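Hello,

Here is the structure you will be working with. Please open it next to this message and follow along; my notes come after it.

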Amino acid sequence: MASVVVTDPTSITIEIVYRGIFQKTLAQRICRSVVLAARKRGYTGTAFGRYGDSPERNGVPAKYFAVVAINDLELEASMAKYEPSVVDIAVAVDDTLVKGVESWAWYGRQPIWKPVHAGGAVLVTSDKPAAEVLAQTDKAERPYLLGIVPGLASFAGLWVYKDDHTDYRVLGALAKVAPNWVRIEDVKTLIQEQTKDGSAVASAQEGYDRTQLRDVKVGEGTSGHEVLQFEKPGWTAMRPGVIVDARKPGERNPYYKKYGARTLRPVVNFDTCIKCTMCWLDCPDECFEVTPEGHYEVVYEACIGCGICAQVCPVKDCIVMVDELKFEDNDDKWQLWKTDHAAYNAWFEAKSGVSADPKRLAVASSKAENAAPGANPTTAGGED
Amino acid sequence: MAVEVKEKQPSDVETEQLATGCEAIAEAIRLADVDVMAAYPIRPYDGVMQAAAKLIANGKMDVEYIVADGEHSQFEIVKHACAVGSRVFVGSSGVGWFYAMEAIAVTAGLRLPVVAICGNRALDDPGAFGCEHNDALAVRDLGWLLCWAETAQESLDFALTAWRVGEDKRVSLPVAIGLDGAFLTHSQQIVKIPTQAAVKAFLPKFDLGDRLLHPDNPITIAPQVDQDWLMEIRMQNDQAMRKALDVIAEAHADFKRLFGRGGDNPYLDEYMTDDAEVVFIGQGTLSLPMKVAIRKLRKEGHKVGLVRLKWFRPFATADVVKSLSRFKAVGVIDRDYSFGSPYYGGVLYNEIRSAMYSAEKRPTIVGFIAALGGREIEQPMAREMFDKLTAAASGGLKSGDITHWIGVRN
Amino acid sequence: MAVETHGTGTLPQIKGVKDVPYDELFVSGHRTCQGCESALVMRHMVKASGPRTIVLGSTGCMYVANTTYYTTPWVVPWMHTQLGASGSAALGTAAGLKVLMRKGKIKDEKINVIAFCGDGGGADMGIGAISATLTHKDYNSLILLYDNESYANTDIQLSSQTPYGAVTTFSPSGTTHRLMHTRWKKNMPGMMAAGHPESRYIAAGCAAYAVDLMNKIRKALELGGPTFVHTLDPCPKGWDYHPQYSQELGHLAVETGIWPLYEVIDGVCNLTGPTRQIAEGRKKRKPVYEYLKRQGRFAHFADEDVEHFQATVDKMWTEWLIPGVIPFTVPQKDQALLRVEKKPLHEQQTA
């Protein structure tokens, strides 16, 4: 079993695939540390974000790169690039990213291993075993090394960083699979210099020790993910005057499906739903369809998993946010509830871990009181 | 809302007026049935806005006349009126033109056929109202068409041509007309005002087709793009600008047929060049004192002529090369500056030099920076330029002799 | 539950959540953040206006995020305009349509013209053009300013609408300066209302009060002339909170009295929603700390910063002529003269 990536002897390219904004600082820290650690043995390097991702949006996948080379001359080939087309290691710092990455329109959902060459590696931070992660990863077209860095996805915001040592563990994992480029001693020295914190240094070692490796052969993975590819038109076909067709009424943008930006998805208990409209009304992404009976079902192709619906729903556990990795498809579910009620409720319970029993009924949760009708005055005069 | 007074409409017969360049343009606005114009005060272009206001107040034309809060707003207002299908007019001068620069740049990017006059005025600082060409020249890379008028008559004629060419679907680009500040904007000259019937025959209705912004036509105009798209969009603009040369030629031929004016060549006018050994080339009203000087020089037996460039963008390279290749030496008169440029030459100088580089026969090219800040070209200056030009024609250029500043006190 | 269409061009007030039209004119598939309230504003804006609408969108999140790249979520016709040009875009579009209809070049019918801008493009760069447009009573348009309290699209820089002390990339909190931004939020809707008496409708709204907001937009479009609506949009990216709380934060902004909801119709000022309830004494203002503590952009606040924030909001409620709208006070001796009887608003102690 391979335990080390195969790279060009002159340079290595690593990409961090991350949830925009939530993991922006994390991705930057990892890439900068890769370069600075390599400096300790006289190598040189560059770190940069993908320009097209900027400005980043909460949850929308983005990429940050680190390139290390043996000298400036070899580094030049990797400079002045928007993004490397081939990488040695792709690191997904949220395991739901293995379901594929779509960052903007016309790009289509890309397998997480797409830029990784044969003999490269995909590292994933996850609390799940390799088999479960692999089951959600696109079928491999080239052999690669899969590494699971133990831990949950580390999410924070722009201003307050969550220092839970995820970056140190990832650095340790990188050292494990690419010891010729990321030496564990250099990583530990760098962390010690920067933090003077022994536990941070220990976390790097922990990442090194506890990352689980697994060879992935061609054909392993799932073929269940949608393949979306678009041909970009040339200037003779593009409408003059920088014009694109508007969306048609009832349509959702076929060129950009946002489900790849989701870490959690909402599941709905239609039995306890009181048809108050709030989920549908307050969804910024227009993800709810009105069913013939007046329920609101989630269009999973469109949902970005923000969780507002679960918050504004006045009924406890009527909408529950669930780990995206538990789902294999994006099918809409209300039809199933209509045609096979028991099967739907079993599905709801299995996914959410919450009972679907309508006898355990609607108590407005303390969070939900804001979603009660009084909070939305029905006339501008404020009478309610 | 202005109180309407019924006035007798101008009769449909060609009339004469004593009008400034600005007032002549106002007549063109009337004849072209412009829908929206936006005004903001700055000298010397705003004579056109004042003249237009009078025409509207007296019921001579029906144009939505908006006084903006600044030049940026001015150009934005007409750009958006154009997008919903209005024929529009706007203008500015000097730093006002620069205040509008963002709007000016994006108008070309949007392929909207806004027509603007630039009343050429020196850029601040310091403030100066006099004529210089750098304001209008600033659009030269952006996808605007750009021409310079010599007389009030030509101002009117170019305005009509601008809507005709700009709005043509093969072009669909904005057009700027340079009117020399004071010399043309404010000088009154005899102008023939064409008939409405002839103008209607020359200028079709403005029709955006499926680019019209309207609830019946669901489109999004100008979505955000990245490196995957922008180069193709720029290519489209490049192609349109190339097409513009043909469309200008067509319009020129039609104009001649309908109005009996326009010169032999759509892009440039030649004066006493048939047997000339040396010629001057320049844009705008500097041609007038130069023609006076040339006639004097001719009387003395010198074989000298003038080429006046009418269209700066698109640059009619083939025509310019064909014309200038016939001469031993060319003196380029720049009523502008381009500090730090090759040979410290003016903008037109470097364009001519570049155009002639691939010509089979290359004349000696001398650059003259003259008449900046509204200074006139006086006859002694013209004479000085001629002497330097002929010296270069016979003795060749020595470094340091390439660009000359004329008439500067030391 | 009727599915409403808007062919007639008339826009009646929406009675309640169950009467909100189903038609979606701003649809899924835009590259906005999880929990983006500005996107929700866009959705409600055109839901309220209906399909006989032209939208002009100035540079900002609602341009770049929505059309990244070379695509669109808009069903209604939409055109980009420049950062500071919303006012001009509204004016030019409205004037163009008006004259073309008058000259018979296009069909004479009611077409809604809405130009939107962010707080950067509207309250900073483009304030002059908006002000100009609000004086042109002959042209019908709505300028909608969606306020996420930063230049969000350029990765969060402060604008004149950024709250006191908030962290942005232009105002980081550091060891020498805890607060780099100490300017108070400029009162944009109040300013527009006070300065443009010929504008028939000016309002402040929030997508957390969706029906109120949609009705404000409809009122603006129905009254005609140049109008202005300013929405406060919680922004998970710039404010640093988990996106699921976007609605909750909108409620807190209003319930703390920080963001009053109101409208000015033909010069008559009308408080709406919980703002009215607070003024009437039926609701106590929540302490601002309940709002501030939920957002990472205030995580560096010391007690004195919170106190200053609270004191300024208190002053707005206890001293202003109209809380959130008109900041003037009238000296006691002139109150009778100016026919202003300034009784203290009912119970202004915070909850």
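**Chain C against chain B**

Seven salt bridges are found across the interface of chain C and chain B. In one of them, C:Lys103 is joined to B:Asp33, with the closest N and O atoms 2.7 Å apart. Please keep in mind that this is a predicted model.

The interface of chain C and chain B also holds 25 residue pairs in polar contact, both residues at pLDDT 80 or more. On the side of chain C that touches chain B, two or more residues come from each of β1 (53-58), α2, β2 (78-81), α3 (86-102) and α5 (127-133) of chain C. The largest share is that of α3(C), with 12 residues. Sorted by class, this side of chain C has 26 nonpolar, 14 polar and seven charged residues.

In terms of contacts, 47 residues of chain C meet 41 residues of chain B. About 3400 Å² is buried between chain C and chain B, and carbon and sulfur atoms give 61% of that area. C:Tyr70, C:Met79 and C:Gln82 supply 19% of the area that chain C buries against chain B, more than any other three residues.

C:Met79 turns up again in strand pairing: in β2(C), C:Met79 stands opposite B:Ile221. The strands concerned are β2(C) and β9 (residues 219-221) of chain B, which pair in the parallel sense over two bridges.

**Chain C against chain A**

How many residues of chain C are in contact with chain A? There are 78, and they touch 71 residues of chain A. The area buried between chain C and chain A is about 5700 Å², with 55% given by carbon and sulfur atoms. Within chain C, the residues that lose the most area to chain A are C:Arg31, C:Gln34 and C:Tyr70, together 16% of what that side buries.

Two salt bridges are found across the interface of chain C and chain A. One of these links the side chains of A:Lys24 and C:Asp155, at 3.8 Å from N to O. Polar contacts between chain C and chain A come to 34 residue pairs, both residues at pLDDT 80 or more. Several elements of chain C each supply at least two residues to the side that touches chain A, among them α1 (37-49), α7 (210-223) and α9 (246-255). By class, that side has 34 nonpolar, 26 polar and 18 charged residues.

**The sheet in chain A**

Chain A has an open sheet of seven strands in the order β2-β3-β1-β4-β5-β6-β7, with mixed pairing. β2 (44-49) and β7 (212-216) of chain A stand at the edges with a single partner strand each, so one side of each has no neighbour in the sheet. From one strand to the next, the twist averages 20°. β2(A) runs antiparallel to β3 (residues 61-69) of chain A, and six bridges join the two. Here A:Ala47 stands opposite A:Ala66 in β3(A).

**Backbone points to look at**

Most residues other than glycine have a negative phi, and most peptide bonds are trans.

- B:Arg43 and B:Pro44 are joined by a cis peptide bond, with omega about 5°. B:Pro44 lies in the loop between β2 (36-39) and α2 (47-57) of chain B.
- B:Asp124 and B:Asp125 are joined by a cis peptide bond, with omega about -15°. B:Asp125 is in the loop between β5 (115-120) and α6 (134-137) of chain B.
- A:Thr277 is not a glycine, yet its phi is positive, about 85°. A:Thr277 sits in the loop between β9 (264-268) and α7 (278-282) of chain A.

Regards

Key. Residues are numbered from 1 along each chain as its sequence is written. Chains are lettered from A and ligands numbered from 1 in the order in which they are written. This is a predicted model: local features need pLDDT of at least 70, side-chain atom pairs count only at pLDDT 80 or more; totals for chains, interfaces and linings use all residues. Side-chain values use heavy atoms; hydrogens and water are left out. Two strands pair if DSSP finds at least two bridges between them. Helices (H or I, at least four residues) and strands (E, at least two) are DSSP runs, numbered from the N terminus. Axes are lines fitted to C-alpha atoms, for helices over the stretch in contact, and angles run from 0 to 180 degrees between N-to-C directions. Contact means heavy atoms within 4.5 Å. Buried area is the accessible area (1.4 Å probe) that two parts lose on being put together, summed over both. A salt bridge is a side-chain nitrogen of Lys or Arg within 4 Å of a carboxyl oxygen of Asp or Glu. A polar contact is a pair of N or O atoms within 3.5 Å; within protein, one must be able to donate a hydrogen and the other to accept it, and residues adjacent in sequence count only if both atoms are side-chain atoms. Ala, Val, Leu, Ile, Met, Phe, Trp, Tyr, Cys and Pro count as nonpolar, Asp, Glu, Lys and Arg as charged, and the others, Gly among them, as polar.
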